[in-house]
Amino acid sequence: MSGTDVGVSVRLQATRRYKSGDRFIIVVADTSDIEAAANVDVIAAANIANEALGAELEAAGMRSISHRGFTGVSAQEKDKAERVFKVGSAGIVSMACDYADCERDLAIMTKRLDLSTFAEFTDFDHRK
């Protein structure tokens, strides 16, 4: 095997479902969700650069958030809530739920996340 024959980079996704009674939170870690990672960047930039656009996004239930230096987006519509954090160059960690007051549970879960570990994992060059 030559030094140039190292295989093809692969995209890895891991999903975990946390359940308590009839309530559940789905957590997804994705090593390369370029679109979602770019959306997080755009929303964060819009909140910083354009106060009116930031207010418009917030009125639509979306706001820029951060956790230990990682940029994210929080979205809520009625009982549905989601948080997406950009980790690494194009990786994401997302959490979603759909029950009354589930945004509070996402906030608690966010405090427990070590996103730097996810960032190391997503930036690793996974090869077949």
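This is a predicted model: local features need pLDDT of at least 70, side-chain atom pairs count only at pLDDT 80 or more; totals for chains, interfaces and linings use all residues.
Visitor: What does the side chain of K86 make a polar contact with?
Guide: The side chain of D41, at 2.8 Å.

Visitor: And which strand is K86 found in?
Guide: Strand 5, which covers residues 80-87.

Visitor: How many bridges join strand 4 to strand 5?
Guide: Six, and the two strands run antiparallel. Strand 4 spans residues 70-77. As one example of the pairing, Q76 has A81 of strand 5 as its bridge partner.

Visitor: What's the strand order in the sheet?
Guide: 1-2-6-5-4-3, in an open sheet of six strands with antiparallel pairing. Strand 1 (13-20) and strand 3 (62-67) are the edge strands, each pairing on one side only. From one strand to the next, the twist averages 20°.

Visitor: Which strands does helix 3 lie across?
Guide: Helix 3, residues 102-112, lies across strand 1, strand 2 (23-30), strand 3, strand 4, strand 5 and strand 6 (91-98). Its angle to strand 5 is about 25°.

Visitor: What about helix 4, which strands is that touching?
Guide: Helix 4 (residues 115-123) packs on the sheet and touches strand 2, strand 3, strand 4, strand 5 and strand 6. The direction of helix 4 makes about 60° with that of strand 5.

Visitor: Then what sits over the ring of F24?
Guide: The charged end of R17, 3.8 Å from the ring centre.

Note on methods: Residues are numbered from 1 along each chain as its sequence is written. Side-chain values use heavy atoms; hydrogens and water are left out. Helices (H or I, at least four residues) and strands (E, at least two) are DSSP runs, numbered from the N terminus. A polar contact is a pair of N or O atoms within 3.5 Å; within protein, one must be able to donate a hydrogen and the other to accept it, and residues adjacent in sequence count only if both atoms are side-chain atoms. A charge sits over a ring if NZ of Lys or CZ of Arg is within 6 Å of the ring centre and within 35 degrees of the ring normal. Two strands pair if DSSP finds at least two bridges between them. Axes are lines fitted to C-alpha atoms, for helices over the stretch in contact, and angles run from 0 to 180 degrees between N-to-C directions. Contact means heavy atoms within 4.5 Å.
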